[in-house]
Amino acid sequence: MVFQLNPTETVIMELFWEKGTWLSGADVWKYFNTSIKKSERSTVNTFLARMAEKGLLVKEKRKYKYAYTREELETKKAEEVLTTMYDGSLSKFLAALGGSKKVSREEMDELKNYLEQL
């Protein structure tokens, strides 16, 4: 799944969101080596290139920036799960999510209000 991030991709996205600006591969590499763990420059560049290929980062010359805000990415993840695992069906997803758990009247009212607003 494109929008499900591995731990390294998550760290990279968090860095971009925190900085909110264009960063070079060298910037990300320096961050890893001073704050996370010693990493080869080529390893960091490979991650950045793959994340750009997946559409998670935008590349301009030698710099990168996030393609989605944190909130937008969370929405993309949810859409991807819904589409790939539940045939795009919200009702199938909710049935699987609820399982054998009883839904409270309050939760039902919240869901009803939400669906009415769609």
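Where does Asp87 lie? Asp87 is in the loop between helix 4 and helix 5. The views below show a predicted model, in which local features need pLDDT of at least 70 and side-chain atom pairs count only at pLDDT 80 or more, while totals for chains, interfaces and linings use all residues. Residues are numbered from 1 along each chain as its sequence is written, and side-chain values use heavy atoms, with hydrogens and water left out.

**View A. Two residues with positive phi, Asp87 and Lys61.** Most residues other than glycine have a negative phi. Asp87 is not a glycine, yet its phi is positive, about 50 degrees. Asp87 is exposed, with a relative accessible area of 64% (exposed is over 50%, buried under 20% and partly exposed in between, using a 1.4 Å probe and protein chains only). Lys61, also not a glycine, has a positive phi of about 55 degrees. Lys61 belongs to the loop between strand 2 (57-60) and strand 3, and its relative accessibility of 75% makes it exposed. Helices (H or I, at least four residues) and strands (E, at least two) are DSSP runs, numbered from the N terminus.

**View B. Helix 4, residues 70-86.** The 17 residues of helix 4 should span 24 Å at 1.5 Å a residue, and its end C-alpha atoms are 23 Å apart, which agrees. The expected span is 1.5 Å times one less than the number of residues. The buried residues of helix 4 are Leu73, Lys77, Glu80, Val81 and Tyr86. They cover an arc of only 165 degrees around the axis, so they lie on the same side of helix 4; the arc is taken from the directions from the helix axis to the C-beta atoms. These buried residues pack against helix 1 (7-19) and helix 5 (90-98). On the face turned away from the buried side are the exposed residues Glu71 and Thr83.

**View C. Aromatic pairs.** Rings of Phe, Tyr and Trp (its six-membered ring) pair if their centres lie within 6.5 Å; planes under 30 degrees apart count as stacked, over 60 as edge-to-face and the rest as tilted. By this rule there are three aromatic pairs. One of them joins Phe3 and Tyr68, edge-to-face, at 5.7 Å centre to centre with 80 degrees between the planes. This pair links distant parts of the chain, 65 residues apart: Phe3 is in the segment before helix 1, and Tyr68 is in the loop between strand 3 (63-66) and helix 4. Phe3 counts as buried, at 14% relative accessibility. The pair of Tyr86 and Phe93 is also edge-to-face, because the ring centres are 5.4 Å apart and the planes are at 80 degrees. Phe93 is partly exposed, with a relative accessible area of 27%.

**View D. The largest nonpolar core, with 17 residues.** Such a core is a set of buried Ala, Val, Leu, Ile, Met, Phe, Trp, Tyr and Cys residues joined through side-chain atoms within 4.5 Å. Met13, Phe16, Val28 and Leu48 have the most contacts inside this core. Helix 1, helix 2 (25-36) and helix 3 (41-53) are the elements that give two or more residues to it, and helix 1 gives the most, with five residues. Leaving aside neighbours within four places in sequence, Met13 is in contact (heavy atoms within 4.5 Å) with Leu5, Met51, Leu56, Leu57, Tyr66, Tyr68 and Leu73.
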